[in-house]
Amino acid sequence: MRAYLEIFNVSKYFGSYTVLKDINLLINRGEFISLIGHSGCGKSTLLSIVAGLTEPTTGSVILDGKEVVSPGPDRAVVFQNYSLLPWLSVWDNVMVAVKSVLKGLSKKEMEERVKHYLNLVGVYEHRHKKPSQISGGMKQRVAIARALAVEPKVLLLDEPFGALDALTKAILQDELLRIWEESKLTCIMVTHDIEEALYLSDKVVVLSNGPSAKVFDVVEVNIPRPRVRAEIVKLREYIETKEKLLYYLTTVLRKTA
Ligand SMILES: Nc1ncnc2c1ncn2[C@@H]1O[C@H](COP(=O)(O)OP(=O)(O)OP(=O)(O)O)[C@@H](O)[C@H]1O
């Protein structure tokens, strides 16, 4: 049986520099996958290839039986730096995405959808504000609402909570987990945070150090769901998987620079 998202022999060269070499990954529908690895190994490049924003030098990405050749509404990306349009209100930032992707909807259906997703991430009451008038955590909520509002098949997250303080980060991780559990979206998230990866993911894909980064290991996170942060940290599976990932990153793949 084919996987929902298939990454076949993907390599990426920037000039003579080989970032990724022969990446192979199979991701099932509804899975939550984290990509982890040292800075500069090519995590964002791989995510960008899946998004269709970067073309692989060799190999291919197949989503639901179709090759990815460009960005498309079936894949939404959330970046660390929110990437909201500063001159538009919170409402319009989401509406612009809905209008551009879901042209067949009536005005009322579009408005209902924007309202639904702003409510889902808890920023509806801030809908008239501009991005400069809301906090970083709220901006990231809006970015997530915008991504979800087009109802993609795959949600791609590039260090989505990397710029947030620890408490806001924990709250948004809980919200993302809740939304993912309800929607059963397929998610791929780049992160540097092992605990975040363990809390959210079904599998953690560890990339080796670049240049020519490969998939070093795919670590299954066999922690039952629903997950309660305070409870899972006591589980043997959590402790052992965390130790394994730490061992990979700090010993086997240790970087000297
Ligand atoms: N457009 C580009 N042109 C040339 N080199 C690039 C380009 N994009 C990325 N690179 C290089 O590819 C390598 C991988 O970058 P990438 O951002 O994918 O790594 P990363 O693992 O996501 O890093 P970090 O964890 O620091 O965000 C780096 O050496 C980077 O300088």
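This is a predicted model: local features need pLDDT of at least 70, side-chain atom pairs count only at pLDDT 80 or more; totals for chains, interfaces and linings use all residues.
Biologist: What makes β4 and β5 a pair?

Modeller: The rule is that two strands pair if DSSP finds at least two bridges between them. Two bridges join β4 to strand β5 (residues 66-67), running antiparallel, so they pass the rule. Strands here are DSSP runs of E with at least two residues, helices are runs of H or I with at least four, and numbering goes from the N terminus. In the hairpin of β4 and β5 there are two residues between the strands, and D64 has a positive phi near 50 degrees.

Biologist: Why are β2 and β5 called edge strands?

Modeller: The open sheet of four strands goes β2-β1-β4-β5, with antiparallel pairing. β2 (17-27) and β5 each pair on one side only. Inside that sheet, seven antiparallel bridges join β1 to β2, while β1 (residues 5-14) and β4 (residues 58-63) pair over five bridges, also in the antiparallel sense. I7 is opposite V61 in β4, and in β2 the bridge partner of I7 is L25.

Biologist: And the other sheet: which strands stand at the edges?

Modeller: That one is open too, with six strands ordered β6-β7-β8-β3-β9-β10 and mixed pairing. The edges are β6 (75-78) and β10 (215-220); each has a single partner strand, so one side of each is left without a neighbour in the sheet. On average, neighbouring strands of this sheet are turned by 20 degrees against each other, direction ignored. At the β10 end, β9 (residues 203-207) and β10 pair antiparallel over five bridges, and K203 has E220 of β10 as its bridge partner.

Biologist: What makes you say that α8 packs on the sheet?

Modeller: Contact means C-beta atoms, placed from the backbone, within 7 Å. Helix α8 (residues 236-252) touches β3 (32-36), β9 and β10, and its direction makes about 170 degrees with that of β10. Such angles run from 0 to 180 degrees between N-to-C directions, with axes fitted to C-alpha atoms, for helices over the stretch in contact. On the four-stranded side, α1 lies across β1, β2 and β4, at about 60 degrees to β2.

Biologist: Which residues surround the ligand?

Modeller: The shell is F14, V19, G37, S39, G40, C41, G42, K43, S44, T45 and G210. A residue gets in if its C-beta atom, placed from the backbone, lies within 6 Å of the molecule. Helix α1 (residues 43-51) gives the most, with three residues.

Biologist: What makes up the shell around the ligand, by class?

Modeller: Three nonpolar, seven polar and one charged residues. Ala, Val, Leu, Ile, Met, Phe, Trp, Tyr, Cys and Pro count as nonpolar, Asp, Glu, Lys and Arg as charged, and the others as polar, so Gly lands in the polar class.

Biologist: Where do domain 1 and domain 2 fall in the chain?

Modeller: Domain 1 is 1-74 + 155-257 and domain 2 is 84-151, with bounds from an automatic or database assignment. Their C-alpha centres lie 26 Å apart. Ten residues from domain 1 and nine residues from domain 2 make the contact. Helix α5 (residues 166-183) gives the most to the domain 1 side, with four residues. By class, that side of domain 1 has eight nonpolar, one polar and one charged residues.

Definitions and conventions:
Residues are numbered from 1 along each chain as its sequence is written. Two residues are in contact if their C-beta atoms, placed from the backbone, lie within 7 Å.
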